[in-house]
Amino acid sequence: MTDAVAEQSLPFANAVPGAVLAADAAGMVVDRKKLIEFALHLRNHAGFDYLSSLTAVDYLGFEGRTAADRFEVVYHLFDTKKGGDGVVLKVRLPENDPQAPSLVRVYPGADLQEREAYDLFGITFTGHPRLRRIFLWDGFHGHPMRKDWKEAYYEEEHKPFGSRWPVGNHKWAEDRVPWGDNVSFPKGWDPATFQPAPPPLPTIHEPPWADENHIATERIIINMGPQHPSTHGVFRMIVALDGETVVGLEPECGYLHRNHEKIGERNTWLGNIPFTDRLDYLSSMSNNLGYVLAVEQLMGDKGKPPERAEYLRVIMAEMTRIANHTWAIGFLLNDLGAFFTPALYNIEERELLLDLFEAAAGSRMMCNYMRFGGVVRDVDEDWLTRARDIIFNRLERKIDEFDTYLTGNEILMARCVGVGYLSAADAIALSACGPQLRGSGVAYDLRRARPYSIYDRFKFDVISDDGCDVYARYKVRLGEIRESIKILKQALDDLPGGPIFNGKPGYVTRVEKGEAYGAVEGPKGELGFYVVSDGSDNPWRYHVRAPSYINLNTLGPMSIGYKIADAIVALGGIDIVLGETDR
Amino acid sequence: MFGTGILKGLGVTLRRAAGTFIDDFARVPSRYTDVIETAQGKLIRQPTDAKGLFTIQYPEEKRQMPENFRYIPMLLYEEDTGEDRCTACGICAKVCPPQCIWIVRDQDENGKPITRPAAFYIDASICMSCSFCAEYCPFDAIKMNHDYELATYDRYPGLILNKAELSVPTSYYAALYPSAWAEEERIRAEKEAKKAARGKKPEPAAPAAKPAAKPAAAQPEPKAAAKPAAPAAAPAAPAAPAAKAKAKGGHWSPIPADYSGEVIKSALPLPPVPAEGVSASGISWSRIMALREKQLASYRERRKAEGKEVKL
Ligand code: SF4
Ligand code: SF4
């Protein structure tokens with residue numbers, strides 16, 4: 001965060017008397033009793049209509065913190081109309097009473113994020129309508145993101161582990177786990193007597209025809225997933241149906257949960273870069289970029305990449321967007337039942353881009369390409385020739401082909417037009433991002449709203465479409481591919497020579513004490529990284545604002561009232577990747 | 001009009017199908033441009049101007065891997081002396097994000113550490129192929145191998161690679177990474193020139209001969225003959241070089257046809273090398289196969305005794 005935020009926050013500081021306890025460049029500390037009132041003021045009168053990220057930090061043992069302010073809930077609010085830097089609110093909570101008021105009524109998009117903070121930190125959000133665990137199972141012991149929680153295969157607080165060198169006799173990972181498996185149970189816990197909580201039932205929205213005289217249909221609850229081809233991985237929807245009509249829908253996730261953030265706090269700063277590849281594994285370059293941008297904010301001059309590296313970053317990020325959108329469009333068609341022909345046509349273009357990633361970064365999907373202060377490998381003439389060939393000569397032709405093939409296709413239109421309606425106001429309130437938000441006519445794109453890297457140098461349009469349905473999201477994606485091609489052409493033409501790394505690469509990263517929120521407009525939406533540093537080699541807190549996860553807020557509202565088959569299309573329209581959703 | 005969209009779409013499919021055949025026949029005898037023929041099959045790079053669908057008939061045909069491709073690390077040893085480049089400094093073990101590198105630093109009789117590894121393991125089932133180890137190794141001792149066919153029947157010990165399984169000669173690396181190798185050699189030569197210019201005491205004779213002997217093709221005598229001689233010349237590494245004998249063939253990465261050096265095939269775990277004393281459980285590939293065969297045979301017998309023929 002910049003000093004501009006501190007200045008900006010001053011006008012609101014006195015809006016609600018006594019709400020702001022302290023303010024500095026990193027944000028405003030707000031009294032939890034006044035939080036809702038203050039948030040309402042910010043939303044209604046100051047224009048901060050978008051709750052982007054909500055997370056918690058455990059400051060147990062942090063310098064200058066005591067049990068009275070051990071936990072902190074951090075809110076990042078932004079303005080979707082004006083763009084620019086947002087405001088950061090913080091609520092400090094004591095160890096013995098970790099309760100904060102729920103912001104769900106002010107920002108409905110807080111729903112899933114508050115449940116995540118409750119699950120991983122054990123912070124109770126009073127007033128939340130469905131506060132229960134989301135990633136972990138109900139019987140899980142403890143709250144793993146707390147600093148005093150240790151995993152069953154715990155070795156040391158931080159990497160590198162001392163057992164690897166100089167005397168590193170290999171131990172099989174399974175042997176290092178004390179119980180031979182990696183689950184720990186509380187004392188006295190007995191699996192035989194454990195009663196899991198009854199499965200959650202979705203809130204039922206009575207259809208408007210409920211008391212009309214219509215053909216009698218039965219109310220049933222069905223589980224879609226986790227093993228269901230349309231859920232794009234292991235994701236489960238608990239759907240309440242009236243006949244074939246969805247009357248309630250509850251997303252259930254966590255099947256792929258590995259506590260990425262805890263791993264991230266054990267890792268060194270550098271060691272997290274390849275782990276970000278595994279979040280949204282379809283767009284690892286963007287993930288890398290988001291993370292390095294966040295950390296570079298805390299690195300001073302060392303974190304300034306040279307020109308060529310900036311261009312390479314943009315080139316890679318935009319290629320990622322194309323690769324991701326071709327995949328998203330292809331698989332949306334799969335969900336519609338156009339089994340694999342469109343998907344394969346789309347993937348073909350993606351393959352060529354992945355070939356480029358492989359030649360530049362060494363891997364097709366797990367790119368691990370960006371470093372703090374630059375990128376890791378330069379590209380050579382052969383690479384550039386091939387890239388130019390693909391970008392200038394091939395892609396546009398192919399995108400036109402999709403356009404002919406799909407956009408006017410009656411089946412696509414019959415299944416997508418008017419399906420998954422999400423109004424602009426709802427999309428903002430539910431913290432939707434990316435094509436999900438822009439497909440509702442909100443032209444909010446971080447590349448414009450808060451330009452990062454060198455995006456302010458390129459000419460491109462922010463694509464939005466006020467169709468508010470899946471078809472609009474499809475068109476936004478197609479349009480974004482064209483805009484990315486535009487950016488790529490400019491970047492490839494202007495690519496300067498020179499070094500690709502600031503200084504000499506080293507494996508130790510010096511990160512100043514402080515905190516930073518870095519966000520990029522990833523292919524799926526706003527991908528944010530919130531990092532807190534205590535000045536050591538490892539992050540104190542490493543949080544990922546995952547667009548696929550937060551976009552799931554909209555799944556219920558989008559599907560209710562439609563047929564069950566349309567709920568699948570709505571989910572396909574969000575374009576989730578479970579590696580990022582579940583983290 | 002209803003149906004036009006569908007007809008247009010079908011037109012695209014039809015064009016694609018025709019394009020595939022045109023691509024096939026336009027480039028007789030080979031369907032693709034830029035193909036490298038090797039004894040292990042064709043290496044193909046996807047053309048950017050193909051109109052139809054592109055298919056690689058794996059495993060007869062494989063993709064050409066770019067130089068930067070990374071899979072599992074490999075350890076380099078000097079071709080001529082047989083000496084490991086690794087000094088057991090431990091940087092790779094520290095920087096490895098999932099902490100899958102395990103190094104035992106060697107000691108002399110008095111328990112003083114020597115700059116060479118006594119054992120070096122990489123748990124390939126945990127390695128995330130990030131290449132940090134290769135990036136930050138100050139001695140260019142660890143690099144990323146291109147061999148991705150690592151499937152085994154067992155994770156342990158099949159995927160726990162020990163030093164013998166990881167080691168490759170520098171010429172192998174030079175063939176796999178021609179431009180990186182040239183760059184490293186250039187920097188090394190520069191450094192040495194600087195050292196010499198500063199009037200330091202001259203290098204010992206043996207290491208000075210190193211760069212000259214570098215290209216693998218320049219060494220016509222068989223490696224096996226060169227190996228046993230090496231330890232005598234380099235008393236620092238008595239045990240290691242003997243363990244370096246590797247199965248040849250099977251690696252298809254773009255190695256020039258005239259390459260005469262060794263090629264490892266790490267897809268199958270090699271039998272434990274006595275000099276290393278690793279593969280903790282002592283189970284080797286051949287033993288597992290033998291056990292499996294035995295089991296299958298007894299199963300067949302039993303079923304036969306029951307009067308039921310088995311097709312396996
Ligand atoms: S491989 Fe390189 S970094 Fe690792 S211990 Fe050996 S010399 Fe050090
Ligand atoms: S490639 Fe990465 S994960 Fe694998 S051994 Fe090297 S540093 Fe570790």
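How many residue pairs are in polar contact across the interface of chain A and chain B? I looked this up and found 19, with both residues at pLDDT 80 or more. A polar contact here is a pair of N or O atoms within 3.5 Å; within protein, one must be able to donate a hydrogen and the other to accept it, and residues adjacent in sequence count only if both atoms are side-chain atoms.

**Ground rules.** I am working on a predicted model, in which local features need pLDDT of at least 70, side-chain atom pairs count only at pLDDT 80 or more, and totals for chains, interfaces and linings use all residues. Residues are numbered from 1 along each chain as its sequence is written, chains are lettered from A and ligands numbered from 1 in the order in which they are written, and side-chain values use heavy atoms, with hydrogens and water left out.

**The interface.** Next I looked up who takes part: 58 residues of chain A and 54 residues of chain B are in contact (heavy atoms within 4.5 Å). About 4900 Å² is buried between the two chains, and carbon and sulfur atoms give 53% of this. Buried area is the accessible area (1.4 Å probe) that two parts lose on being put together, summed over both. On the side of chain A, Arg164(A), Trp165(A) and His170(A) lose the most area to chain B, together 16% of what that side buries.

I also found four salt bridges between the chains, each a side-chain nitrogen of Lys or Arg within 4 Å of a carboxyl oxygen of Asp or Glu. Glu401(A) forms a salt bridge with Arg16(B), and their closest N and O atoms are 2.4 Å apart.

Which helix gives the largest share of the side of chain A that touches chain B? I found helix 10 of chain A, with ten residues. Helices (H or I, at least four residues) and strands (E, at least two) are DSSP runs, numbered from the N terminus.

**The sheet.** Then I turned to an open sheet in chain A, where five strands follow the order 1-2-5-4-3 with mixed pairing. Two strands pair if DSSP finds at least two bridges between them. At the edges I found strand 1 (20-24) and strand 3 (50-58), each pairing on one side only. Strand 4 (residues 71-78) and strand 5 (residues 87-93) of chain A are antiparallel, with seven bridges. Within chain A, Phe71(A) stands opposite Leu93(A) of strand 5.
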